[in-house]
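Hello,

Here is the structure for your files. My notes follow below it.

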Amino acid sequence: MFGQRHIIVVDLGFGDAGKGATVDWLCARLGDVAAVVRFNGGAQAAHNVVAEGRHHTFAQFGAGTLAGVPTLLSRHMLVEPIALAAEAQRLAALGVGSPLALLAIDERALLTTPIHIAANRAREDARGSSRHGSCGRGIGETAAYALDHDAPRVGDCLRPAVLRRKLDALAAHYAPLIDGSGHTVEPIDALVAMYGEFARSVRLTGGGELGRLAARGRLIFEGAQGVLLDEWRGFHPHTTWSTVEPRNARALLAEIGAPGYVLGVTRAYATRHGAGPFPTEADTGIPEPHNGAGHYQGAFRSGHLDPILLRYAIEVCGGVDGLAVNHLDTGTGRAATAYDTAAGRIDRLVPGAWQDLDHQRRLTELLATARPVLRDIPADPIAWLESELGAPVVLAAHGPDRADRVRVGARAAAR
């Protein structure tokens, strides 16, 4: 199915499609996985894994951790040490021995601090009813600040004077936004001491780590969020400050001259967590035990399957090699075949040029008033999805547990 290729796992929706559970299955079943490589996002990720009586919501650790697979946080990650330490404690409580020993972090990765988090929340509070749907974890502020400033990075945690200078500048920059907002941050000296302790408790690496891991076995690249939230290809302004489509993962593989297999993940129905256009939204009545309403992110929403958006995501990914379809236990339901819009009936969204945000805003406006034309999904949803999306379904899940996931070939042979 995958050959000897490294696997890039990417969500084809708005997130929450089951990337973590898919990565967990790959790590537990393939038998040759050397590491999970996180290639975008940060502490806002929420990848749920249920396996062998344990449940964990992965944020920064790779979702192969319960299977004993190490994690590399690449230079494209935004690392939040306080949340990372708390996640390590939760993993230890689940029986994972020395979780931090399973972790390596590229010293070039950006550092997300309480200053970024306070600024993020203050900015989103100020938007009122026009909130963008932020998770409130400082991701956008971390990425935006680094565009024009000498931002703190993980490697600075071992250089107290450098880190203090950068944190002082960061605090001064955000003071007008944070002061009076009701959000507070720790003193700079306390942060410097805390981050120094963190850096001494994990393994910091440079650019050669990826090649060393690849020499030991297969790499699973675990994406965060969904392609429809991508910073350049999502529907602005309801997007993340992160490149979600597999551009970064492909670039990392190119550095070591290795081929990659892109595995696109979707649910058997559509979901969206937070604000933004959602043409097929409906009262599905499908329970959601692991994704609740967030104070900043907003409500968890569901609706009918949307092959139009899935085809758009596949196109902006540069294609996918295979599909993983989760939540097939919810029934076949309905799916969109087209949208009725002010411009007429359409069945395709045309991607714009990369970084063309004006085009993405026009798509947002189009989707905001689009009304789906629906049909019943056929009795064999896998064959139908393969026809609709132009890619083979290679993994299917009929429940939340690792044991509920099967190779489609094995499933078909058992019929």
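Both faces of strand β12 (residues 270-273) are covered. A270 and R272 on one side are buried, as are T271 and H273 on the other. Buried here is under 20% relative accessible area, exposed over 50%, partly exposed in between (1.4 Å probe, protein chains only). Strands (E, at least two residues) and helices (H or I, at least four) are DSSP runs, numbered from the N terminus. In a regular strand the side chains alternate between the two faces of the sheet.

β12 pairs with strand β13 (residues 300-303) in the antiparallel sense, over four bridges. Pairing requires that DSSP finds at least two bridges between the strands. R272 has R301 in β13 as its bridge partner.

This is a predicted model: local features need pLDDT of at least 70, side-chain atom pairs count only at pLDDT 80 or more, and totals for chains, interfaces and linings use all residues. Residues are numbered from 1 along each chain as its sequence is written, and side-chain values use heavy atoms, with hydrogens and water left out.

Next, the cores. A nonpolar core is a set of buried Ala, Val, Leu, Ile, Met, Phe, Trp, Tyr and Cys residues joined through side-chain atoms within 4.5 Å. The largest has 59 residues. I7, L26, V79, I105, F198, I220 and L263 touch the most other members. Helix α6 (residues 188-201) gives the most to this core, with six residues. Apart from it lies another core, of 54 residues, including L229, V320, L363 and V393.

Last, D106 in strand β7 (residues 103-106). D106 is buried, at a relative accessible area of 5%.

Best wishes
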